[in-house]
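Here are some notes to read alongside the structure. Please keep the sequence and the 3D view open and check each point as you go.

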Amino acid sequence: MDAVRVALFVTCLVDGLYPDVGKATVALLERLGHEVVVPRGQTCCGQMHVNTGYAGQAVPIVRNHVEAFADAEVVVTPSGSCAGSVRHQHADVARAHGDAALGDRADRVARRTYELSEFLVDVLGVTDVGAYFPHRVTYHPTCHSLRVLDVGDRPLRLLRAVRGIDLVELPAAETCCGFGGTFALKNADTSTAMLADKMRAVLDTGARVLTAGDSSCLMHIGGGLSRLRAGVRPLHLAQVLASTADRPVEVAR
Amino acid sequence: MTFLGMPALSGAPFPVAARAGLHNAQMRRNLTKATGTIRAKRASAVAELPDWAELRAAGAAIKDAVLADLGTHLLRLEAALVERGTTVHWARDAAEASRVVTDLVRATGSTEVIKVKSMATAEIGLNETLAESGIRAVETDLAELIVQLGHDRPSHILVPAIHKGRAEIRDLFRREMPGVDPDLTDDPRALAEAARKYLRHKFTTVDVAVSGANFAVADTGALVVVESEGNGRMCLTLPRTLISVVGIEKLVPTWRDLEVFLQLLPRSSTGERMNPYTSVWTGPTEGQASHVVLVDNGRAATLSDPGGRAALRCIRCSACLNSCPVYERTGGHAYGSVYPGPIGAVLSPQLTGVEHNRTLPFASTLCGVCYDVCPVAIDIPSMLVHLREKVTESRGVTAESAAMRAVAWAMSDARRWRRVLRAGRLGRALGRRRDRIGHLPPPLAAWTDARDLPRPPQQTFGDWWESR
């Protein structure tokens, strides 16, 4: 496939808290021979506002996003949830708040926006990205990648092609981890009860690395595992796929 | 917490009410087991139909068509019912509906009624209103009977006593059921037999029955009750007076439309290809007086909101409850309504007003399972988000709304937002000692009570990219 000029929507969480996930996404796409650009105007998809009941406040955030990516040929983001927001919320939010023109522009951006595994498998047509990751890994399919984007087994197909990987199935994988954005704060007790079950499932696999397509869910499950000093490393799918024999991703930390 | 028969008008906020369930180890075990079993059964019953997606779309489309022209269909139903000899009553709200039923029972002179399991009568708090007039309602659905004898509240739409273990049921039968064997064991068959004996006596002596209806066929006036035990059919056929309380959204236009729903409902609710008993009656049987009370109770208001009206498609199957990871852990009582779970979180606030249910729309992670399993494709997550906006609007300015506004302002401009992200570096001090953040002040303490946060990085991604 010809080289694609990819506009990276890095997401606010990765930008501020998990820059390694962004760097891994860049490394992976460049290794596959594509050009990565990072539009400077980007901030956040606004999902936190929309899902917490402040869709009206999110309109300028949506507008900012649409303007930042208006000229992009293809937008790729290492998040199922943020891709879901762009594709399934932006235009509706704009229209519900009286900006039909913004809704149309948001639709155009949405049509060109892909979550990372969708982009790799559907657009680039690759499952073997040449990664090397000799560790026991389990994969948590995040709710929005699974049920909003319907990424299906694309991430698993990518992971299965990684050399050296010991990929183990996560029990009750499709059950939510309990994050839910501000749900984790507003309903902390219920969120924690869900987290406990997810952590038990992760620990049951004996995996050393937990991977997923969303840094937010990994922040949640990883935060719980860290509190227990469980010795499981949360790593974004992009980080596992970016890892090669020459440039391995550090797991010991 | 005040629990009314109708969706809660006041009660503890969901996060507080949830704690009782979360800490109840017996209930957690019961629910995990019961919902896990029913989820697996539903999944296989659905998987064996190659046209499930089409059935689901048809179910949604039929309901939407009815709702789009509800007035016409209701008048057609009324005409068909009257033509077959049924008396039709209209009720605007719960109080009116309960009063109509109470007056009808009083006119018969009976001081007892037997009941077919019905969500509509639970919603309008009928049993309580009847009791005020000295009329005793006897629930004949086994799980409803367990709840009633235990002076308890339902916690599930289909299985109202799902939170009860069989030992608890044995104890309350021994305590509350007149004439029960004092040596009753907790063997499920023995429990069912005890209930059967008790109920058989009621079926043969009580002359007034109250039912709901799963479906009402507009063009023929046929009412349909779908059940597992057959006790409903006893109530529908034996007593000389039958009063059916039916929500105005229960309509299907024609007989033919039932075909879709009689496939969708049992597979979704009990995971069966077909439920054991489907009773259909078109007008009263000989010697029987038949009444139908058509109830609005917030449905017309719900219909007026394009973002919420699809909740009226609901056929009360409970698939969303059985699949919801929140419901599974909190149990149904936390929702403070006869409609618990995801559908309750969108239905209760709409039927009684968001201002009375400000925490329910937030009682979900928006994981989307409820939408996936819904046989009439109600997009519950999007509806929850829609209702959340109504809640925040009803609250006006709060500390939360001000904080969100400030963040939105920062996020609306990349230069401003970059400065905020860079300031995140200040958080590095918090995680200096252990290379992670273990404690934060409220409201973020709700996070760090159970989870660490990573130490913020030296450099944001944006700054790394610029320096590359």
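1. A term is needed before the first helix. The expected span of a helix is 1.5 Å times one less than its number of residues. Note also that what is shown here is a predicted model, and every value below is computed from it.

2. Helix α16 of chain B covers residues 341–352 and has 12 residues. From its first C-alpha to its last it reaches 16 Å, close to the 16 Å expected at 1.5 Å a residue.

3. A residue counts as buried if 20 or more other C-beta atoms lie within 10 Å of its own.

4. Which residues face B:Ala209 of β4(B)? B:Ile114 stands opposite B:Ala209, and in β7(B) the bridge partner of B:Ala209 is B:Leu242.

5. The faces of β4(B) are both covered. B:Val208 and B:Val210 lie on one side, B:Ala209 and B:Ser211 lie on the other, and all four are buried.

6. Chain A has a sheet of its own. In it, 4 strands form an open sheet in the order β2-β1-β3-β4, with parallel pairing. The edge strands are β2 (35–37) and β4 (113–115) of chain A, each of which pairs on one side only. From one strand to the next, the twist averages 35°. Helix α8 (residues 116–123) of chain A packs on this sheet, where it touches β3 (74–77) and β4 of chain A. The direction of α8(A) makes about 100° with that of β4(A).

7. Within that sheet, strand β1 (residues 5–8) of chain A is joined to β2(A) by 3 bridges, and the two strands run parallel. As an example, A:Val6 stands opposite A:Val36 in β2(A).

8. Helix α5 (residues 80–88) of chain A is also mostly covered, with 8 of its 9 residues buried. Those buried residues include A:Gly80, A:Cys82, A:Val86 and A:Arg87.

9. Chain A as a whole contains 14 helices and 8 strands. Its radius of gyration is 18 Å, close to the 18 Å that the globule rule gives for 253 residues, so chain A is as compact as a globular protein of that length. Taken along the principal axes, its C-alpha atoms fill a box of roughly 50 × 50 × 30 Å. Of the 253 residues, 61% count as buried. Among contacts in chain A between residues at least 6 apart in sequence, 77% join residues at least 24 apart.

10. Where do the two chains meet? The contact takes 52 residues from chain A and 51 residues from chain B. On the side of chain A that touches chain B, the elements giving two or more residues include α1 (12–16), α2 (19–31), α4 (55–68) and α13 (215–227) of chain A. The element that gives the most to that side is α12(A), with 7 residues.

11. Finally, confidence. The model scores ipTM 0.97 and pTM 0.96. In chain B the mean pLDDT is 95, and 98% of residues reach 70 or more. Over residues 6–10 of chain B, pLDDT stays under 50, and the model has 22 contacts beyond four places in sequence for this stretch. Where pLDDT is low, the predicted coordinates should not be read in detail.

Note on methods:
Residues are numbered from 1 along each chain as its sequence is written. Chains are lettered from A and ligands numbered from 1 in the order in which they are written. This is a predicted model: local features need pLDDT of at least 70, side-chain atom pairs count only at pLDDT 80 or more; totals for chains, interfaces and linings use all residues. Two strands pair if DSSP finds at least two bridges between them. Axes are lines fitted to C-alpha atoms, for helices over the stretch in contact, and angles run from 0 to 180 degrees between N-to-C directions. Two residues are in contact if their C-beta atoms, placed from the backbone, lie within 7 Å. The radius of gyration is taken over C-alpha atoms; the globule rule is 2.2 Å times the number of residues to the power 0.38. A residue is buried if 20 or more other C-beta atoms lie within 10 Å of its own, exposed if 12 or fewer, and partly exposed in between; C-beta atoms are placed from the backbone. pLDDT is the predictor's confidence in each residue, from 0 to 100.
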